[in-house]
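Please consult the sequence and structure below while reading.

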Amino acid sequence: MIPLAKPDITDLERKEVLEVLKTPNLSLGPKLKEFEEKIASYIGIKYAIAINSGTSALHLVIRALGIGKGDEVITSPFSFIASANCILYVQANPVFVDIDPETLNIDVDRIEKGINEKTKAILAIDIFGLPAEWEVLERRAKKYNLYLIEDSAEALGAEYKGKKTGSFGDAGIFGFYPNKQITTGEGGMVVTNNEKIAELCISMRNQGRNKGQNWLQHKRLGYNYRLSEVNCALGIAQLERIEEILKKREEVAKMYNGRLKDKKGLKIPSSFPELTRSWFVYVVQLEKGVRRKERDKIIKELKKKEIECGNYFPPIHLQPFYRKNFGYKLGDFPVTEGISERTIALPFHNNLKEKEIDYVCKNLLSLI
Ligand SMILES: *Cc1c(COP(=O)(O)O)cnc(C)c1O
């Protein structure tokens, strides 16, 4: 089977992890500090706080901004479920805004319609590693006095007008699940220039303890969202190789582009002059008019040929939990719905071979 995603683990990662296991420090040790410092320096931001997942990182940012019951947060329905769920964790409500059909990111021209007196924040996503329109988002947030949150879980290394994603808005997050650009097994990171947000996240990831406080003193409601030294060591080794990793991914994407561009019935990922994509997945779109069933059949046929593909992303508002609790229905966000039934995520990882790409493309093209 050619897998949809695959982590790229070398002897460097194995060595770093083994080193940790020779010490008694398995949590809250030197590797945590080193990983955080290296991410902060890579992104060009003051504070980085390692967290046990990207989802937990989003939860902490929402909490740190004081978003709570009845508040509204503007976000995109075309994302991984966590970017909306984190709003529900604090009894706030996501207000979905449809996407731009070219970038697949939140359509900045539709945001204002979703803003009212309950709106507290905009949470935008750098979907598939492509930066959202951060300059416009920052203007909107400023104009309406809203917090701005960047879910950059899919975009480590991407740049908006030469500035790294994760560094926009009040706080950003990354995710390090094994299908992301770099992995820690499970893990995530909050990044921010705001000292107060950083301190709150550090406290809440560690059961609400404050710095220097007694281990059994809990100033606020917290969680165990710590990232172990073993995970941090893995992350340090991966980050050491980030340039190599991003280059490998770009080369794989270029090979796909070369074989799939200008093919009738197929749209390859778009590129934009001021947006530097960090390749997370390689998602093609079937032509307009193709229905979900036909797309799913192609995915099934490819699976029979040992090619694992994905349907990134089914719209969040149409997930059973959201339909049931918020009454969303088909037709609510037509751009998202239209695109999400025509997407196919092709196998994509650092070490995908040219021969495998040929095989995937030959089979895909024979089915459309
Ligand atoms: C992966 C991902 C997350 C969550 O990361 P986890 O580490 O899996 O919890 C959040 N948002 C987006 C857009 C993602 O792709």
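The points that follow are grouped by topic. The model is predicted: local features need pLDDT of at least 70, side-chain atom pairs count only at pLDDT 80 or more, and totals for chains, interfaces and linings use all residues. Residues are numbered from 1 along each chain as its sequence is written, and side-chain values use heavy atoms, without hydrogens and water.

**Ligand surroundings**
- The residues around the ligand (a heavy atom within 4 Å) include Ser 53, Gly 54, Thr 55, Asp 151, Glu 154 and Lys 180.
- An oxygen atom of the ligand lies 2.6 Å from a side-chain N or O atom of Glu 154, and a backbone N or O atom of Gly 54 is 2.8 Å from a ligand oxygen atom.
- A polar side-chain atom of Lys 180 is 3.2 Å from an oxygen atom of the ligand.
- The ligand alone exposes 380 Å², of which the protein buries 92% (Shrake-Rupley method, 1.4 Å probe).

**Helix α3**
- Helix α3 (residues 54–64) is largely enclosed by the rest of the structure, because nine of its 11 residues are buried (under 20% relative accessible area, 1.4 Å probe, protein chains only); helices are DSSP runs of H or I, at least four residues, numbered from the N terminus.
- Among the buried residues of α3 are Gly 54, His 59 and Ala 64.
- Ser 53 caps the N-terminal end of α3, with a side-chain oxygen 3.3 Å from the backbone nitrogen of Thr 55.
- Gly 66 follows α3 and has a positive phi, near 75°.

Notes:
Polar contact = N/O pair within 3.5 Å; in protein donor to acceptor, adjacent residues only side chain to side chain. Buried < 20%, exposed > 50% of the residue type's maximum accessible area, 1.4 Å probe, protein only. Helix = DSSP H or I, 4+ residues; strand = E, 2+ residues; numbered from the N terminus.
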